Each structure stands twice: as structure tokens, then as C-alpha cells.
Amino acid sequence: MSDQHGGQEARRIVISVDMEGVTGVSSWVQVSPPEFGGLVNGTEYERARERMTLEAAAAAQGALDAGATDVLVNDSHDTMRNLIPELLPDGVRFTSGNDKPLSMVQGVQEAGVLGLLFVGYHARAGSVRGPLAHTWNGFIRDVRVNGVSTGEYGLNALLAGHYGVPVLFACGDDVAMTEITSELGGDVVTVPVKEGLSSFAATHLHPREAQRRIRDGAFRAVGQALQLPPQPYGTRFPAAAQLSFDHQARADACERVPGITRIDAVTVGWESDNAFHLFQTFRMLASVAAVRLNA
């Protein structure tokens, strides 16, 4: 790495922080910003965003203690402006706003990034016992890359890998941690902060205990990477991708996009030569599929 930061070789870390996997969270009420109305509770949301920020802060502190020279925390939940910046360690940078070119992993394209840390991550859509398990939104049923079902963690890991950045660490619910280990490999340090009981229930660690374990895990993950950098996550390219929805009308809309093939009533597919194309095509189709079902 040739980029310099603070007069020494850059050892940058990017943290992608979501909210559904944070300890104490098991309901959509807790993770829904109140300005949109509906099933929301301002008090519950404020408490969850504080715990979200403190878990990101714990990971950032662990990374800094291990030798990272720069930490960027990327707000990756919903509107992507949930973080409370004053609760982050001094000197940590952060991104906010949901119109970011690389969405949940904005920052991995910067020079000198050693690795990516996942905080507050959840299981993929359809996962049994995964609290608030979903992929990107409420109507995507499955995402497959070369026949392998994946979640946000897999898509984000592939996009990071496109820039040569490996995933070093993840924390969230136990179902998500098992899925991440299975797909991304055992070199990723994982810290479960709650045990899923159902889609809307979990047994949680005390927030301060969760933060302690996250800090220790991030410290270990970054320290290991400084000694022996792991390989970025990848797959075979050209890659065959498929996206399944909860209703055929969503596939109807996506089928009209050039280069997209109808697979079955609720599934479309495409081929990508690289992870950037795969991710941005997925992101576009997720938007195209957001059609009214009561038209």
C-alpha cells in the first residue's frame, strides 16, 4: 500500500454498520426512522440508533487499538443517516446519506484500505430464527450468485473484493454469523451479540458486554490482518445471478430491463463480468421492482 496517512503507511479500515443485527433489536418498530410514519416509535428508534452507534464505535476503537491509522464508519441502515457522530471515537470519519455510489460499503474504493468490518448485520431473507432476516428490502425473497443463496453480507463482500478489500470481522445475530462463516470462510472473526428465537424475538447480550466483545473481536481481526492479510472474497466470473421476489408483478417490471431474463414467475436473472456490475444491477432491479401491487 503506497497511500500515506499521518506520515506512515496507511492501514485504513472501513466499517459498514447496519441496525437490525444490533443487540436489543428484534422489531421493525425499533429500526424504522420515524419521519416516514407507519409502524414506528421515536423512543425505540432513538435507543436503537444509539446502540448502533456505540457498537460501531466499539469496532472502530478495537481497530485503532490494533494499529489502524484511519477508520471510516459507513452508515448502512435504511436512510443511512442514523449514526450519532459525537459517540464515535475522536478522529473517526463517517459517511451518511443513502445516495452513495457503493451504498453499504462506500469507502472500500479508497487507497490503502486493509479490510472491511460488518457491524449490526442480519441474516438473509428466508432464514429460520434470524431476527428481522431480509435482503435489502421486504419483497426480495432470494438472491443467488452462481447458484449460491446470499444476503447483504455476500453482495457487500463481493463488491469489496472487487476493490481488493477482504472482510475481516462481523457482528450481529447468531444466524447471520453462521451464514457469514459458511459463505465467506472461517478467517472472518465473528461476534454474535444475540441468539435468534424467531423472526421477531431474540435473547440479547447486555449492550456493554456486546460492545466489549465487539471491540475485542475487531482488535483481533485487524491485528491478524496486519500480520497476514487475508484474500478478498470472490466468485467465478462471468457470474450468473438470480433475483426472486414475493410477487410476479415485480418480475414483470424487471423483465423489461435490457439484459434481464425471466427465469420463472417471480425470478429474473442476468450475467455479470465483475462484482461491480453484479452489485449495481442488483441495486437497480431492487428499485425497478418496487411497484405498486394494488394498481
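Reader: How many residues of E6 are buried?
Author: This is a predicted model. In it, strand E6 is mostly covered. Of its nine residues, the buried ones number nine.

Reader: In which sense do E3 and E6 pair, parallel or antiparallel?
Author: Strands of a sheet pair through backbone hydrogen bonds, either parallel or antiparallel. E3 and E6 are joined over six bridges. Val-17 stands opposite Val-119 in E6. The sense of the E3 and E6 pairing is parallel.

Reader: What is the bridge partner of Phe-118 in E9?
Author: E6 is joined to strand E9, residues 167-173, by four bridges. These two strands run parallel. The partner of Phe-118 in E9 is Ala-170.

Reader: Is Phe-118 buried or exposed?
Author: The cut-off for buried is under 20% relative accessible area. Phe-118 has 0%, so this residue is buried.

Reader: What is the angle between the planes of Phe-118 and Tyr-121?
Author: The model holds four aromatic pairs. Phe-118 and Tyr-121 form one that is stacked, at 4.2 Å centre to centre. Planes count as stacked when under 30 degrees apart. For Phe-118 and Tyr-121 the angle is 15°.

Reader: What is the relative accessible area of Tyr-121?
Author: Tyr-121 is buried. The limit for that class is under 20%. The value for Tyr-121 is 1%.

Reader: What is the centre to centre distance of Trp-136 and Phe-282?
Author: This aromatic pair is edge-to-face. Its planes stand at 80°, and the class needs over 60. The Trp-136 and Phe-282 centres are separated by 5.3 Å.

Reader: How many residues apart in sequence are the parts that the pair of Trp-136 and Phe-282 ties together?
Author: Trp-136 lies in the loop between strand E6 and E7.

Reader: Which elements do the buried residues of H7 pack against?
Author: Phe-279 and Phe-282 are among the buried residues of H7, including also Leu-278, Arg-283 and Leu-285. Helix H7 lies across E7, E12 and strand E14, at about 155° to E14. The buried residues of H7 pack against E7, helix H3, E12, helix H6 and E14.

Reader: How far apart are the end C-alpha atoms of H7?
Author: H7 has 14 residues. At 1.5 Å a residue they should span 20 Å. The model agrees, with the end C-alpha atoms apart by 20 Å.

Reader: Which strands stand at the edges of the open sheet of five strands?
Author: The order is E8-E7-E12-E14-E13, with antiparallel pairing. Each edge strand has a single partner, so one side of each is left without a neighbour in the sheet. The edge strands are E8 and E13.

Reader: What is the average twist from one strand to the next?
Author: The sheet in question is the open one with order E8-E7-E12-E14-E13. From one strand to the next, its twist averages 30°.

Reader: What is the bridge partner of Ile-140 in E12?
Author: Strand E7 covers residues 140-145, and E12 covers residues 239-245. Five bridges join the two, which run antiparallel. The partner of Ile-140 is Phe-245.

Reader: What is the bridge partner of Gln-242 in E14?
Author: E12 is largely enclosed by the rest of the structure, because five of its seven residues are buried. E12 and E14 pair over six bridges, in the antiparallel sense. The partner of Gln-242 in E14 is Gly-269.

Reader: Which ring does the charged end of Arg-250 sit over?
Author: The cut-off is CZ of Arg within 6 Å of the ring centre. The charged end of Arg-250 is 4.0 Å from the centre. The ring belongs to Phe-139.

Reader: How far apart in space are Ser-27 and Ile-15?
Author: Ser-27 is found in the loop between strand E3 and helix H1. Ser-27 counts as partly exposed, at 24%. Ser-27 and Ile-15 are twelve residues apart in sequence. In space, C-alpha to C-alpha, they are apart by 24 Å.

Key:
Residues numbered from 1 in each chain as written. Predicted model: local features only at pLDDT ≥ 70, side-chain atom pairs only at ≥ 80, totals over all residues. Heavy atoms only, no water. Pairing = 2+ DSSP bridges. Axes fitted to C-alpha atoms, helices over the stretch in contact; angles between N-to-C directions. Contact = heavy atoms within 4.5 Å. Phe/Tyr/Trp six-rings, centres within 6.5 Å; stacked < 30°, edge-to-face > 60°. Buried < 20%, exposed > 50% of the residue type's maximum accessible area, 1.4 Å probe, protein only. Lys NZ or Arg CZ within 6 Å of the ring centre and 35° of its normal. Expected span 1.5 Å × (residues − 1).
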